[in-house]
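Here are some friendly notes to read alongside the structure. Keep the picture open and look up each residue as you come to its name.

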Amino acid sequence: MKFSVNKLRDNNTNILKNPMEVLDELNTDIKFFKESNDNLVKENLELVKINRELNNRLNEFNVRELECEIHKLKDENNLLLNENNDLKSRALVNPRKVTDEQVLNIKELRKNGLSFRAIAKATGLSTCTITRALNGKYDN
């Protein structure tokens, strides 16, 4: 049952005729509103409880997800460290990429008048490596 202004107006015209009926209707309306309010309060309390539970679950999920992500990043970091150490150890074992034979070949080609680019093309080495070899960087 809904309460409206029209009902009040209707009730005001009927007050003089039958005040007890109007009073009963108003009491019925009051009971309805109290029951509706009580039901809404109960629903609200249930929704608050559900909301708390969902927030707790979300927090737990986020923590688990973050822990998983941290674990993955640690694993990736360890792989990169191992790869880095492997590269470092290879660099120390063979720091020179040009053999003595190649250095002699480079110097011979230069004596024959070839340009740095032509020597690089003929040997498959970079012009930078050709320059180093001709400047004595790879001499023993």
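Predicted model: local features only at pLDDT ≥ 70, side-chain atom pairs only at ≥ 80, totals over all residues.

1. Let's begin with Lys 107.

2. Lys 107 has a charged partner: Asp 139 forms a salt bridge with Lys 107, and their closest N and O atoms are 2.8 Å apart. This pair links distant parts of the chain, with Lys 107 in helix α3 and Asp 139 in the segment after α5, 32 residues apart. Asp 139 is partly exposed too, because its relative accessibility is 40%.

3. How many salt bridges are there? The count comes to two. In the other entry to look up, Arg 64 pairs with Glu 60, and the closest N and O atoms are 3.8 Å apart. Both residues sit in helix α2, four residues apart, so about one helical turn separates them. Glu 60 counts as partly exposed, at 46% relative accessibility.

4. Now step back to the whole chain. The protein chain has five helices and zero strands, which gives the pattern α-α-α-α-α along the sequence. Of its 140 residues, 11% are buried. The chain exposes about 12100 Å², and carbon and sulfur atoms supply 55% of that area. Among contacts between residues at least 6 apart in sequence, 40% join residues at least 24 apart.

5. Which residues form the largest nonpolar core? There are ten: Val 98, Val 103, Ile 106, Leu 109, Ile 119, Ala 120, Leu 125, Ile 130, Ala 133 and Tyr 138. The largest share, three residues, comes from α3.

6. Setting aside neighbours within four places in sequence, Ile 119 is in contact with Ile 106, Leu 109, Arg 110, Leu 114 and Ile 130.

7. Arg 110, one of those contacts of Ile 119, lies in helix α3. With a relative accessible area of 38%, Arg 110 is partly exposed. Not counting residues up to four places away in sequence, Arg 110 touches Ser 115, Phe 116, Ile 119 and Leu 134. Arg 110 and Leu 134 are 24 residues apart in sequence, while their C-alpha atoms are 8.3 Å apart in space.

8. Next, turn the view to look along α5. The buried residues of this helix are Thr 129, Ile 130 and Ala 133. Seen down the axis of α5, they fall within an arc of 105°, so they line one face of the helix. What covers these buried residues includes α3 and α4. After α5 comes Gly 136, whose phi is positive, near 90°.

9. Leu 47, Ile 50 and Leu 54 make a nonpolar surface patch of about 290 Å². Leu 54 belongs to helix α2, which covers residues 19-93.

Technical notes:
Residues numbered from 1 in each chain as written. Heavy atoms only, no water. Helix = DSSP H or I, 4+ residues; strand = E, 2+ residues; numbered from the N terminus. Buried < 20%, exposed > 50% of the residue type's maximum accessible area, 1.4 Å probe, protein only. Contact = heavy atoms within 4.5 Å. Areas by Shrake-Rupley, 256 points an atom, 1.4 Å probe, with all protein chains shown as cover. Patch = residues over 30% accessible without salt bridge, like charges linked within 9 Å, V, L, I, M, F, W, Y side chains within 5 Å. Salt bridge = Lys/Arg side-chain N within 4 Å of Asp/Glu carboxyl O. Core = buried A, V, L, I, M, F, W, Y, C linked by side-chain atoms within 4.5 Å. Arc of directions from axis to C-beta.
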